[in-house]
Amino acid sequence: MAENPFFAPSSLPYQLPPFAEIREEHYLPAFERGMAEQLAEVDAIASNPEPPTFENTIAALERSGRVLGRAATAFFTVAASNSTDGVMEIEKRISPELSKHSDAIRLNRALWARIKQVATDDPEEAWLLEKYRDDFVRAGADLTEPEQARLRELNEELSRLSTEFRQILLRASTESALVVDDAKELDGLDEAAVAALRQDDGRYALPLLNFTNQPALAQLTDREVRRRLYALSVERAPRNFEVAARMARLRAERAALLGFPNHAAYSVADQTAKTVEAVEEMLGQLVGPAVRNARREAEALAEQAGFAIEPWDWSYYAEKVRKARYDFDAEAVRPYFELERVYRDGVFHAATRLYGVTFADRPDLRGYHEDVTVFEVSDADGTPLGLFALDPYARANKRGGAWMNNLVDQSFLFDELPVVMNNLNVTKPASGPTLLTYDEVTTAFHEFGHALHGLFSRVRYPRVSGTNVPRDFVEYPSQVNEMWVTWPEILANYARHYETGEPMPQELVDKLTAAEQFNQGFKTVEYLAATLLDWAWHKLAPGEDPGDPEAFEAAALEAAGIAFAPVPPRYRTNYFAHIFAGGYSAGYYSYIWSEVLDAESVEWFKENGGLTRENGDHFRRELLSRGGSVDPLAAFRAFRGGEPRIEPLLARRGLA
Ligand SMILES: [Zn+2]
């Protein structure tokens with residue numbers, strides 16, 4: 001076992017996980033040893049004869065579980081981005097074990113008694129201590145033995161169901177692909193895209209992306225093919241309806257055990273929103289205007305189409321109206337958005353202008369797949385900051401969407417610099433350059449905003465490093481970073497034709513930005529519908545039977561005033577991975593909650609001269625570098641110099 005790469009720290013620069021050496025058979029032994037070691041460390045902390053101090057209790061807990069941390073980080077990175085049947089098997093086996101392990105720590109009575117006695121005057125320590133106490137109470141540390149026993153069962157079952165949901169969904173993306181015999185049925189897609197869909201048997205398979213409104217719906221000219229694609233999208237993974245309903249009931253039961261009226265109340269209590277009422281007040285301000293907006297848009301589309309718009313028609317006719325109204329063709333900008341250039345001369349360049357940081361290729365450092373590239377990031381004075389790894393392409397064994405994750409958390413405690421990663425799901429062309437859509441460019445800037453939050457972290461403890469902030473705050477810095485996508489000096493630098501190197505003509509730039517407000521009714525309603533669906537599942541009262549899950553879903557949208565047939569939720573229950581297979585249960589509202597702070601911050605940048613080092617440094621110092629080591633809203637106030645208001649968001653979304 002001496003050769004198991006997880007048993008010792010990685011010897012690679014910045015402790016990048018040694019993916020080239022990691023084999024599937026290393027994971028389970030590393031998980032087992034990692035959990036056993038951490039339990040021994042925790043026992044030693046709990047039974048320490050010395051009086052409890054911050055150092056010998058909280059800091060000691062922060063130091064524990066290093067083998068487990070290394071194994072889990074590498075494993076879940078691969079499980080999300082480059083899974084195999086073997087990895088899926090391990091995940092099924094290990095997820096309930098990890099849930100049990102976490103309970104064994106947080107339900108340890110001797111440890112909890114000790115944590116309650118710790119005191120400190122240091123503000124960073126006091127904040128972390130508060131987090132630990134909150135984590136333990138929320139995990140059930142104050143419950144009786146029989147209550148804790150039930151809680152353990154619930155956690156294990158929920159963890160098992162969540163893995164089941166994720167795996168059913170991953171298989172559905174290819175199993176539910178739109179398959180056609182004749183390339184003619186795919187009329188509207190460009191030639192290269194069609195070529196990439198060709199299978200060995202000569203047929204064509206268009207896999208599903210993980211949201212309702214498949215991008216190809218904007219292009220496919222055959223209405224019947226669009227209808228089929230839409231039906232496959234919303235009806236995929238039908239077994240997940242039952243899995244989701246079961247999870248919602250178990251979460252309601254768990255919330256009751258922990259003293260909350262429902263899972264939503266439990267879920268928001270440690271967020272910046274804090275209460276169900278606060279979330280509902282904000283959503284209430286948005287639903288009416290958003291639906292009115294979408295209805296107006298639907299009328300314009302119906303006029304264009306000559307018939308009432310069905311959900312599978314929306315994108316197709318929206319593209320036509322967009323072309324007519326703004327003379328803007330989404331495909332026309334793609335030659336100006338070549339992947340490599342978007343990163344080097346756009347995403348990285350904006351970071352250099354704002355923060356002075358620079359990026360160096362590290363082809364010697366490898367990821368878990370040949371598509372992963374690694375860059376070393378340095379500060380303006382040359383001081384090393386960390387590594388950034390990028391995995392841009394879609395693969396059948398990769399989960400949908402785009403995300404950032406940490407491979408190494410920055411902390412002064414271990415004197416470690418961050419290693420952060422971005423994943424996108426861009427279709428890899430069969431040959432030639434990768435040309436992005438405008439949405440994909442925006443996603444690249446968004447995910448890199450998370451990466452900067454991780455890279456700029458300067459905190460003592462890993463628990464509060466970088467993006468380890470409340471879920472309804474974490475999207476805020478990443479959304480702010482989207483403002484540079486169309487910032488004139490940045491856009492001019494990266495949006496160049498992939499063949500000629502010519503900058504994007506000003507006329508096209510003007511059209512691109514003028515069209516930005518277009519389709520906001522659709523976008524806001526599909527998002528809010530998903531948010532309110534998440535909310536309905538997680539406001540189930542303990543013991544309440546939701547009945548038939550599909551009927552529950554329809555009734556929930558109706559009751560929330562968001563049901564509008566042409567604009568279905570961005571995620572239906574059966575593929576709502578954020579809330580049934582990720583950490584966003586009763587948390588999908590977070591994106592728009594964060595957007596309030598984002599819209600305010602964009603105003604601040606504009607008021608203060610936009611793209612300057614001074615502005616970047618202020619944002620970095622007051623906000624990005626703090627991670628979760630201070631009250632997030634206090635960091636926002638220090639940056640903005642005031643309380644957040646909702647008006648900038650309403651204006652941006654055309655809802656004012
Ligand atoms: Zn994000």
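A residue is called buried when its relative accessible area is under 20%, exposed when it is over 50%, and partly exposed in between, computed with a 1.4 Å probe on protein chains only. By this definition glutamate 475, at 5% relative accessibility, counts as buried.

The structure is a predicted model, in which local features need pLDDT of at least 70 and side-chain atom pairs count only at pLDDT 80 or more, while totals for chains, interfaces and linings use all residues. Residues are numbered from 1 along each chain as its sequence is written, and side-chain values use heavy atoms, with hydrogens and water left out.

**The zinc site**

Glu475 (OE) is one of the protein donors of the zinc ion; the others are His446 (NE2) and His450 (NE2), and the donors lie 2.1 Å from the ion. Donors are N, O and S atoms within 2.8 Å of the metal (3.2 Å for Na, K and Ca), and sites may look incomplete because water is not among the atoms. Along the chain, the spacing of the zinc donors is H-x3-H-x24-E. Histidine 446 belongs to helix H16 (residues 438-455) and glutamate 475 to helix H17 (residues 471-481), so this pair ties together parts that are 29 residues apart in sequence. Helices here are DSSP runs (H or I, at least four residues), numbered from the N terminus.

| Residue | Relative accessibility |
|---|---|
| Histidine 446 | 10% |
| Glutamate 475 | 5% |
| Leucine 649 | 1% |

**Leucine 649**

Leucine 649 is placed in helix H26 (residues 647-652). Apart from neighbours within four places in sequence, leucine 649 is in contact with Leu286, Ile592, Glu595, Val596 and Ala599, where contact means heavy atoms within 4.5 Å. The C-alpha atoms of leucine 649 and isoleucine 592 are 8.7 Å apart in space, although the two residues are 57 residues apart in sequence.

**The nonpolar cores**

A nonpolar core is a set of buried Ala, Val, Leu, Ile, Met, Phe, Trp, Tyr and Cys residues joined through side-chain atoms within 4.5 Å. The largest such core has 162 residues, of which Phe337, Phe388, Trp484 and Tyr494 touch the most other members. Helix H12 (residues 276-305) gives the most to this core, contributing twelve residues. Beyond its neighbours within four places in sequence, phenylalanine 337 has contacts that include Val342, Tyr438, Leu491, Tyr494 and Met504. A second, separate core of 33 residues has among its members Phe6, Ala30, Met35 and Ala71.

Key: Helix = DSSP H or I, 4+ residues; strand = E, 2+ residues; numbered from the N terminus.
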